[in-house]
Amino acid sequence: MKQTFTYRQKAREMLIVLLPIFITQLALMSTGFFDTIMAGHVSEQDLAGVAVGVNLFYPFWGSCLGIISGLTPVLANLYGAGKHEKIAFIVQQGFYWSLVLAGVFIVLGLMAVPILLPMLGLEPRVEYVVQYYLLAMAYGVGPIFLAGVLRNLIDALGATRITMGITVVTVPINIGLNYIFIYGAFGAPALGGIGSGVGTAIAFYINLFLNLLVVSRLQPFKSYKVLHSLPRPLLSEWRKQLSVGIPIGCTMFCEQSIFGAVGLFMTVYGTAVVAAHQAALNFTTMAYMIPLSVSMSLTILVGYELGAGRQLDARRYSRLGRMISLVFASSLAAVLVNFRGAIAGLYTNDPVVQEYIIVFLLYAIGMQLSDGLNAPLQGTLRGYKDVRVTFFLAVLSFWIIGLPAGWLLAHYTAVGPYGYWIGLISGILAGAVLLTLRLRTIERRYEAQAVGRASS
């Protein structure tokens with residue numbers, strides 16, 4: 001990364017950081033996209049089983065990766081300030097606590113899943129798929145958490161093209177492994193939806209290996225020697241790092257878990273509605289990769305500029321990122337309007353499920369536009385390391401506004417299950433308004449601090 005002076009230069013620098021992140025995130029999500037499609041073509045029960053498993057696993061898994069992502073603004077800030085000597089220590093301590101986090105994640109999952117599954121009232125085949133899909137995924141949690149620490153180091157130094165390359169290599173392998181274990185190709189057992197969990201867990205190990213290869217062999221990462229002379233674990237440093245990471249992870253949990261909760265609420269409407277909801281949500285999540293990538297880019301660029309003491313440049317990146325996000329979100333919404341029938345056909349051959357998917361995708365348009373406003377604001381605030389208030393705003397917008405509104409609409413109006421999507425859209429929009437107000441407060445605070453330093 002380098003200092004920029006005009007909006008044109010900033011746009012170029014943002015695209016340099018953004019495009020690899022977007023390709024990386026799109027490739028990562030394409031795995032779930034193909035998992036869902038392949039499971040849907042095994043049976044309706046396998047599609048529903050993977051859907052419920054995803055709704056149980058990914059909110060917690062994504063939240064833990066969100067905690068690890070707290071390393072990005074810390075490392076980007078150090079890099080911008082030229083404090084390179086501290087970077088290796090931060091990463092090495094991240095190795096330790098990320099493994100502890102993985103252990104806690106697995107133990108809590110093993111305790112909670114046997115209690116939770118009987119409460120959902122699923123069909124026997126669906127419950128079986130959920131249980132063993134989650135068990136397979138658990139084997140890959142530790143490796144992907146360690147890989148997440150290394151990926152944050154690579155991204156924080158602005159080398160997002162490298163993480164893109166790792167993902168572009170890993171994802172086709174993942175999809176191929178999933179195909180083998182779902183359908184039983186090349187003599188492997190045909191595991192149905194469970195096979196997608198087996199293939200993904202194996203791919204997590206491959207991802208870790210590639211990240212280790214990069215930081216041990218390529219410059220500038222090799223010079224930091226993060227894999228050499230590991231220091232002893234230092235709990236005071238863990239607390240410092242987690243003070244940034246935990247609020248980010250909790251915020252992501254608020255966002256992701258609400259989708260998981262809605263998916264579980266959908267079970268009362270039958271397997272066809274669950275399958276259709278998951279298919280539409282799966283496609284919407286793919287589309288969300290653009291605003292999410294803008295958000296991640298802003299965290300890196302804003303953190304870098306603030307580390308270098310350039311508050312005005314940080315504000316300009318924030319404005320530019322919001323504009324880019326909204327333009328792309330609007331373009332994708334237009335695609336969704338015109339091709340929702342064809343998109344539904346990708347997920348299933350069942351005409352009943354297809355009809356449900358088409359209607360859900362109409363509501364997905366509103367969600368896409370709302371995310372285009374919300375996500376860049378979150379990324380900017382993370383660049384400022386303003387994460388605690390952002391977490392409380394996420395609780396307010398998603399769980400106090402969005403989910404109750406959706407539940408009331410689903411139960412007391414004629415829209416039925418679609419009411420939950422209306423509630424989700426309302427929560428995202430409310431969050432965008434609150435985050436805008438918070439960002440203005442933070443920017444004024446930084447301006448006042450800059451004026452105070454100049455006058456002294």
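Mentor: We may, and please keep in mind that the model is predicted. Let us begin with the second largest pocket, whose lining has six nonpolar, two polar and five charged residues.

Trainee: Which residues that line the second largest pocket are the closest to its centre?

Mentor: The second largest pocket has a volume of about 260 Å³. It is lined by 13 residues. The closest to its centre are Val-74, Leu-78, Ile-90, Lys-240 and Lys-385.

Trainee: Which element gives the most to the lining of the second largest pocket?

Mentor: The elements that give two or more residues to this lining are helix H3 (71–80), H4 and H10. The element that gives the most, with four residues, is H10.

Trainee: What is the volume of the largest pocket?

Mentor: Its lining can be described first: 35 residues line the largest pocket, and the closest to its centre are Leu-56, Phe-60, Leu-108, Gly-109 and Val-113. By class, this lining divides into 27 nonpolar, seven polar and one charged. The volume of the largest pocket is about 870 Å³.

Trainee: Which element gives the most residues to the lining of the largest pocket?

Mentor: Two or more residues of that lining come from each of H2, H4, helix H5 (124–138) and H10. With eleven residues, the element that gives the most is H4.

Trainee: Are H2 and H4 roughly parallel or antiparallel?

Mentor: Two packed helices are described by the angle between their axes and the distance between the axes. For helix H2 (residues 44–68) and helix H4 (residues 87–116), the axes come within 11 Å and cross at roughly 165°. Angles over 145 degrees count as roughly antiparallel. Therefore H2 and H4 are roughly antiparallel.

Trainee: How many residues of the contact of H2 with H4 are nonpolar?

Mentor: On the side of H2, the contact has Leu-56, Phe-57, Phe-60, Trp-61, Cys-64, Ile-67 and Ile-68, and on the side of H4 it has Trp-97, Ser-98, Leu-101, Phe-105 and Leu-116. Of these residues, one is polar and none is charged. The number of nonpolar residues is eleven.

Trainee: Is the crossing of H2 and H6 left-handed or right-handed?

Mentor: H2 packs with helix H6 (residues 141–156) at an angle of about 35°, and their axes are 9 Å apart. The crossing of H2 and H4 is right-handed. The crossing of H2 and H6 is likewise right-handed.

Trainee: How many residues of the contact of H2 with H6 are polar?

Mentor: H2 contributes Phe-57, Trp-61, Cys-64, Leu-65 and Ile-68, while H6 contributes Val-141, Ile-144, Phe-145, Gly-148, Val-149 and Asn-152. Nine of the residues in this contact are nonpolar and none is charged. The number of polar residues is two.

Trainee: Let us turn to the cavities. Which element gives the most to the lining of the second largest cavity?

Mentor: The count comes to three cavities of 30 Å³ or more, and the second largest cavity has a volume of about 40 Å³. Two or more residues of its lining come from each of helix H10 (235–265), helix H14 (351–383), helix H15 (388–412) and helix H16 (418–455). The element that gives the most, with five residues, is H15.

Trainee: How many charged residues does the lining of the second largest cavity have?

Mentor: The residues that line the second largest cavity include Thr-251, Glu-255, Asn-374, Gln-378 and Phe-398. By class, four residues of the lining are nonpolar and six are polar. The number of charged residues is one.

Notes:
Residues numbered from 1 in each chain as written. Predicted model: local features only at pLDDT ≥ 70, side-chain atom pairs only at ≥ 80, totals over all residues. Heavy atoms only, no water. 1 Å grid on protein atoms, 1.4 Å probe; cavity = no way out; pocket = protein on both sides within 12 Å on 5 of 7 lines; lining within 4 Å. Points joined across faces, edges and corners; volume = space filled by probe spheres on them. Nonpolar A, V, L, I, M, F, W, Y, C, P; charged D, E, K, R; others polar. Axes fitted to C-alpha atoms, helices over the stretch in contact; angles between N-to-C directions. Parallel < 35°, antiparallel > 145°, perpendicular 65-115°, else oblique. Left-handed = near helix turned anticlockwise from the far one by under 90°. Contact = heavy atoms within 4.5 Å.
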